[in-house]
Amino acid sequence: MKLEQKDSDQQLDGLDTLFLKCEHSRRLMTVSSLWTFEHCLDAKKVYGILDRLCQAYPRFARVPRHESFLETAHWTVPMGWSPEDNLVLHTLIAQPFDYTKPLWELHAISGLQGEQCALFWKAHHSISDGQGFIRALLSTTSLDDSLKQLETKIPHRHHKRKKSSSINKKIPKPIRDMVPNYITAFILWVWDFLYQARLLWISFYHDFYCSIVSGFPATRKDLNYHELQSFEKEMAWSEDIRMQDISLVRQVFGGTLNDVMLTVITRCVKHYLENNSIRHDDYLNFIIPISLRESNDWSCRNVVSGSWGFFSMKDLDTKHLINQVRTEMLGIKNSYMTRILYDCVGLVWGHAPGLTPPASVYNHICDISHGVFTNVPGPTQPITFAGQQIQEYRTFPPQSGKGSIGIALVSYNGNVSIGAIADVHRKYPGLADGVCGRFKDEFKFILDEAKMELSKKEY
């Protein structure tokens, strides 16, 4: 099998190394995706697809080897290995990887209702971030040619901090015509100055607070327990909600898709805890990954940073909760710490992996948050794999620490759903299923509110 050669496929960088170092057998750094099909798949077609995947993305055909104190491990081709060796015919999802083989697996699941079957992809986070992982998987589907055409059309550009939206459209045209241009320009300049000052304050306050939190012992009480972290995991996913319904909610209450979905998820966790009479914290703390990729970077590698987000579990009405989530997300998106953190990880773990801190430091950082939330945009139309249409398309991020919940928001064919992974523990029974089971109902309540507000305007 001949592999393409790229610098990023020769040696692990700092972030790849970090994901290897912070993993242990009870906290696996695994990103995964579940696809279901109406009929059984042709094994020969699947084998051919796996071979092409490993040729296009060499990290899927290599293992990390030969790390030294001042040099990260190299991506090395294992002797006598073939892609078929990573096709697994069982469903031990929480089992650690075999480090003598490339750090990914494809689980073939049969015996479902009728002739249905499923594929469960899982890969170590050292191979790639979620965006690169999903792009690699989508290359095995009917969407590959369309993605390649899209990649060639997108121009190269650097990340820029978002500028404020102009208020020019908010000024009625008759007034704009009456006011001299220099006055309008001055008003727009003042507006932009105030907007940028507000963003600067929000991001500074957020970064300062996160710095303080990281230096103190973990204070969260919810989604935590005293024993060793459970090695048993539970996974669940929600029912779909329509993208057009989310657009209606945004029209009434404002915010982005992520703002609305985080509002729903916050209420799901809040009500799960309250229904079990075990809520103590006032804020839900999620790690929010932030992609640092250029617009035309579709490579299979880790180009991601992240920050903590604090979302209120107090008794706020929908409008105020969405505004609180929106402000918190503005602080995360405009954070300077995310880029600083990414560069520091690249400097230390990328040039002196032997200086890695003890496990207690990793455990402290990982145990600060209640979980992880990430958004994985998916295909807008149905796609096929090995000639069969993918019926359900789900994704799951890794957990952040003991007791935490990992939640991935994924869109597919005009619908949105979440997938969740959590520890199996008696203190929080059915956590993943409890949160996912409430997802559609919590959103429906907000949607009904939005429809009511729209009807008032029409009246």
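Predicted model: local features only at pLDDT ≥ 70, side-chain atom pairs only at ≥ 80, totals over all residues.
**Ground rules.** I number residues from 1 along each chain as its sequence is written, and for side-chain values I use heavy atoms, leaving out hydrogens and water.

**Strand E1.** I looked up E1, residues 30-37, with helices (H or I, at least four residues) and strands (E, at least two) taken as DSSP runs numbered from the N terminus. I found 8 of its 8 residues buried, where buried means under 20% relative accessible area, exposed over 50% and partly exposed in between, with a 1.4 Å probe and protein chains only. In a regular strand the side chains alternate between the two faces of the sheet. On one side of E1 I list Thr30, Ser32, Leu34 and Thr36, and on the other Val31, Ser33, Trp35 and Phe37, all of them buried.

I then checked pairing, which requires that DSSP find at least two bridges between two strands. E1 pairs with E6 (residues 117-124) in the antiparallel sense over 8 bridges, and it is also joined to E14 (residues 392-396), again antiparallel, by 5 bridges. Ser33 stands opposite Trp121 in E6, and its bridge partner in E14 is Thr395.

**Nonpolar cores.** I take a core as a set of buried Ala, Val, Leu, Ile, Met, Phe, Trp, Tyr and Cys residues joined through side-chain atoms within 4.5 Å. The largest has 59 residues, of which Met261, Phe286, Ile405, Ile407, Phe439 and Phe443 touch the most other members. Helix H8 gives the most to this core, with 10 residues. Apart from it lies another core of 41 residues, among them Trp35, Tyr57, Leu103 and Val376.

**Asn258.** I located Asn258 in H8, residues 257-275, and it counts as buried because its relative accessibility is 18%. Leaving out residues up to four places away in sequence, Asn258 touches Phe373, Asn375 and Leu409, a contact being heavy atoms within 4.5 Å.

**Cysteines.** I searched for disulfides, meaning pairs of cysteine sulfur atoms within 2.5 Å, and the structure holds 0. For Cys210 the nearest cysteine sulfur is that of Cys344, 15 Å away, and Cys210 counts as buried at 8% relative accessibility. For Cys300 the nearest is that of Cys54, 10 Å away, and Cys300 counts as buried at 6%.
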